[in-house]
Each structure stands twice: as C-alpha cells, then as structure tokens.
Amino acid sequence: MNKLEILEDECYTHHINLIDANIDNLTGAFINYKSTNIIALKSNLDTNSRTCVLCEELGHFYKDATYNINCKDLNYISKQEHKAKGYAYERLVPYDELVNLKNLNLYEIAEHFDVTPVFLTNTISYYVSKYG
C-alpha cells in the first residue's frame with residue numbers, strides 16, 4: 001500500500017467520511033458535525049498533493065487540533081493549524097530519514113517521500129524552527 005492508501009484506510013478505520021468537493025479557497029477541511037467526522041478534499045488534487053492534504057487533515061483529528069468555524073481568534077486558529085501541519089510533516093517526512101538524504105536535491109527528496117516540493121520546503125522550515 002502506498003501512503004495515500006494507508007491514510008485513506010485510516011479514515012475508514014476511524015469512521016471518518018472522506019469526500020471529494022469543489023472547495024474554492026481550500027485544499028482540504030476537517031469537519032466534525034454532530035459527532036460525525038468528515039474530511040473534504042479538493043477534487044482535482046494529484047496523488048502527492050492529496051497525500052499531503054489528507055495527512056494534515058488527519059492531524060486535526062489525531063491532535064484534536066480543531067476550532068469552530070465561527071472562531072475569530074486568529075492566534076488560536078494558527079496554533080491548531082500548526083499542530084495539524086506538524087503532525088503531517090513529522091509523519092510524511094521523518095526527520096531522521098530526511099537528514100540522511102542531504103546529497104539529493106529538493107525534488108529528489110520530495111519524490112522519495114511522495115510529497116510535493118512545497119510541502120517538503122514547509123517541512124524543512126518546520127524542522128529548522130524546531131531543532132535549529
């Protein structure tokens with residue numbers, strides 16, 4: 001099974017409804033409505049993008065990094081997004097494995113982890129801020 005299939009299987013295991021949607025300004029969203037968990041993903045994502053977005057949305061679920069849609073506290077929203085993104089970075093691009101690939105370029109490393117170059121760049125920034 002590839003990473004995307006594993007993540008999709010986890011959604012099934014945890015009774016998270018996974019739907020494709022035409023979302024204008026978002027690539028994905030984790031929604032909990034009346035004890036029903038839903039992850040909506042933009043329907044036109046390529047496989048690596050879908051993997052990255054799905055893992056981040058699962059991060060909201062696993063890290064309880066949720067907030068009410070009417071929340072106006074941008075600091076709180078930012079903290080919850082940081083938790084979910086951190087989960088995805090650490091899961092899809094483990095630090096110990098990343099540091100061993102220093103002889104490859106950005107695109108080769110992204111391909112190795114089956115993530116997008118933008119996701120990998122954000123992951124590197126996350127690790128630099130975490131470890132220095």
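Over the protein the mean pLDDT is 95, and 100% of the residues reach 70 or more. This is a predicted model, in which local features need pLDDT of at least 70 and side-chain atom pairs count only at 80 or more, while totals for chains, interfaces and linings use all residues. Residues are numbered from 1 along each chain as its sequence is written, and side-chain values use heavy atoms, without hydrogens or water.

Next, select the strands. They form an open sheet of three, ordered β1-β3-β2, with mixed pairing, where two strands pair if DSSP finds at least two bridges between them. Because β1 (16-21) and β2 (28-33) each have a single partner strand, they stand at the edges, and one side of each is left without a neighbour in the sheet. From one strand to the next, the twist averages 20°. To inspect the parallel pair, show β1 with β3 (residues 36-42), which are joined by six bridges; I16 has N37 of β3 as its bridge partner.

The expected span of a helix is 1.5 Å times one less than its number of residues, so the 16 residues of α2 should span 22 Å, in agreement with the 22 Å between its end C-alpha atoms. In α2, 12 of the 16 residues are buried (under 20% relative accessible area with a 1.4 Å probe, protein chains only), among them R50, L54 and H60. The cover over these buried residues includes α1, β1, β2, β3, α3 and α6.

Finally, turn to the largest nonpolar core, a set of 28 residues in which I39, L54, V93, V115 and F119 have the most contacts; such a core comprises buried Ala, Val, Leu, Ile, Met, Phe, Trp, Tyr and Cys residues joined through side-chain atoms within 4.5 Å. At least two residues each come from α1 (3-13), β3, α2, α3 (74-92), α5 (106-113) and α6 (117-131), and α2 gives the most, with five. Centre on V93: leaving aside neighbours within four places in sequence, its contacts (heavy atoms within 4.5 Å) include L98, F113, V115 and F119.

Key: Helix = DSSP H or I, 4+ residues; strand = E, 2+ residues; numbered from the N terminus. Axes fitted to C-alpha atoms, helices over the stretch in contact; angles between N-to-C directions. pLDDT = per-residue confidence, 0-100. Buried < 20%, exposed > 50% of the residue type's maximum accessible area, 1.4 Å probe, protein only.
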